[in-house]
Amino acid sequence: MRVLVMGLGSIGHTYVSNASNDVVIDVLTSSNLKIEKITNSNGKSHLINECYCYETIEKIDHDYLIITLPFRYKAKRLEQIKDLISKDTTIVIVPGNQGAFYYMPKELQKSNPIILTERVLQIARIEKKYELVHIFGTRKDMNVAALNGANIENFINIYPMYGDVKIHLNHLDISLISSNASLHTSRLYDLYHIHNNYGKEVLFYEEFTDVAAKLFVDLELEVLEIVKAIELKKEIKLDVYNMFIHFGIDEPLIENSKKQINNFHGFQGITFLAKDQDDLANNRYMVDDCILGIYFYIQLAKQYGVELKVFPKIYKWATNVIHKDKVLELDLLNIN
């Protein structure tokens, strides 16, 4: 098996350092890098066969193309290399939530085998760029879905770290997972619109406030309304893994949500700093979540007749921070 990992941030590091020993791993990055081995804190490592860059790669005929880039780069890069990808190559979108599938080029949506995975399989942080990634929180289960005949079992064999995998029959189960579109957006809106926290380093999750928790709950409830509307119109039953389940929130109340997020194991010690509005405008949470993620839900709501109140409010603020004309990926959204 040949695997091409697209992007070498924390998630890319994780995939490179966890593949089965009989898999050939190549990397696709913005520049050619001298990489021999990436090791992770679980004591696993994998040799890298070849490192390609976007401007010089001539074809992609690997068995799997694993896309680990942030939203905005994911959309742009796929548009750039779509004609180089073999029709037999299975495209793996990590994470495949909040509309990632619908930001793919139309040609790839229809032609290639596609696997969508829920968020990330492990929580990872880079300790030494291009050399070491620290894995400190391993999920025991993972929700995935396949389109166009993609073989999930083969992919799991390549990456045994997946453990217990729940295979969904409808890709909407993955595409509709709100994740960061509710979690990050509620926190950023609280930090920088309601309160002026520019220039202050904050614990992003451990100091989650009542205001952020209220926004988070309201956003999640709006997502669930969209899910219900789709089920009604399409006459199907969806099994979307929502954030109340993820954080163990039995009742969607402010105090419950705040407590569970504050104490979530994988979130401990994560800090956030935006020096000023320009700094915030360049943060991937703003582009990926406050704009691209929310835009997906707003368009879905229009299509299925759901009235949203909180998502549009945060979206309006975000597009004042980053003028939406600068977020070119919005034009790539193709909900059908």
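Visitor: What makes the reach of helix H11 close to the span expected?

Guide: A word on the source before that: this is a predicted model, where local features need pLDDT of at least 70, side-chain atom pairs count only at pLDDT 80 or more, and totals for chains, interfaces and linings use all residues. Residues are numbered from 1 along each chain as its sequence is written, and side-chain values use heavy atoms, with hydrogens and water left out. Now to H11, which covers residues 284–304 and has 21 residues. Helices (H or I, at least four residues) and strands (E, at least two) are DSSP runs, numbered from the N terminus. The expected span is 1.5 Å times one less than the number of residues.

Visitor: Where is the kink in H11 centred, and how is the bend defined?

Guide: The kink is centred on Ile 294 and comes to about 25 degrees. The bend at a residue is the angle between axes fitted to the seven residues ending there and the seven starting there.

Visitor: What makes you call H11 mostly covered?

Guide: Buried means under 20% relative accessible area, exposed over 50%, and partly exposed in between (1.4 Å probe, protein chains only). In H11, 17 of its 21 residues are buried.

Visitor: What is found at the start of H11, and what just after it?

Guide: At the start, a side-chain oxygen of Asn 283 comes to within 2.8 Å of the backbone nitrogen of Tyr 285. A polar contact is a pair of N or O atoms within 3.5 Å; within protein, one must be able to donate a hydrogen and the other to accept it, and residues adjacent in sequence count only if both atoms are side-chain atoms. Just after H11, Gly 305 has a positive phi of about 70 degrees.

Visitor: Which residues touch the most other members of the largest nonpolar core?

Guide: They are Leu 176, Leu 188, Phe 216 and Trp 317, in a core of 92 residues. H11 gives the most to this core, with 14 residues. A second, separate core has 31 residues, including Ala 19, Val 94, Val 144 and Ile 152. A nonpolar core is a set of buried Ala, Val, Leu, Ile, Met, Phe, Trp, Tyr and Cys residues joined through side-chain atoms within 4.5 Å.

Visitor: Why is Asn 262 called buried?

Guide: Its relative accessible area is 15%, which lies below the cut-off, so Asn 262 is buried. Asn 262 is found in helix H9 (residues 254–262), and its side chain reaches the backbone oxygen of Tyr 205 at 2.8 Å.

Visitor: How do you know that both faces of strand S5 are covered?

Guide: In S5 (residues 64–67), Tyr 64 and Ile 66 on one side and Leu 65 and Ile 67 on the other are all buried. S5 also pairs in the parallel sense with strand S1 (residues 2–6), over 4 bridges, and in the parallel sense with strand S6 (residues 90–93), over 4 bridges. Two strands pair if DSSP finds at least two bridges between them, so both cases qualify. Val 3 stands opposite Tyr 64, and Ile 67 stands opposite Ile 93.

Visitor: What kind of peptide bond joins Val 94 and Pro 95?

Guide: A cis one, with omega of about -10 degrees. Pro 95 is found in the loop between S6 and helix H3 (106–111). Most residues other than glycine have a negative phi, and most peptide bonds are trans.

Visitor: Is Gln 98 buried or exposed, and which is Glu 235?

Guide: Gln 98 is buried, because its relative accessible area is 2%, while Glu 235 is exposed, because its value is 71%. Gln 98 has a positive phi of about 35 degrees although it is not a glycine, and phi of Glu 235 is near 55 degrees, a positive value too. Gln 98 lies in the loop between S6 and H3; Glu 235 is in the loop between helix H7 (210–234) and helix H8 (243–246).

Visitor: Why does Lys 275 count as exposed, and what does it touch?

Guide: Its relative accessibility is 61%, so Lys 275 passes the cut-off for exposed. Not counting residues up to four places away in sequence, Lys 275 touches Tyr 198 and Gly 199, where contact means heavy atoms within 4.5 Å.
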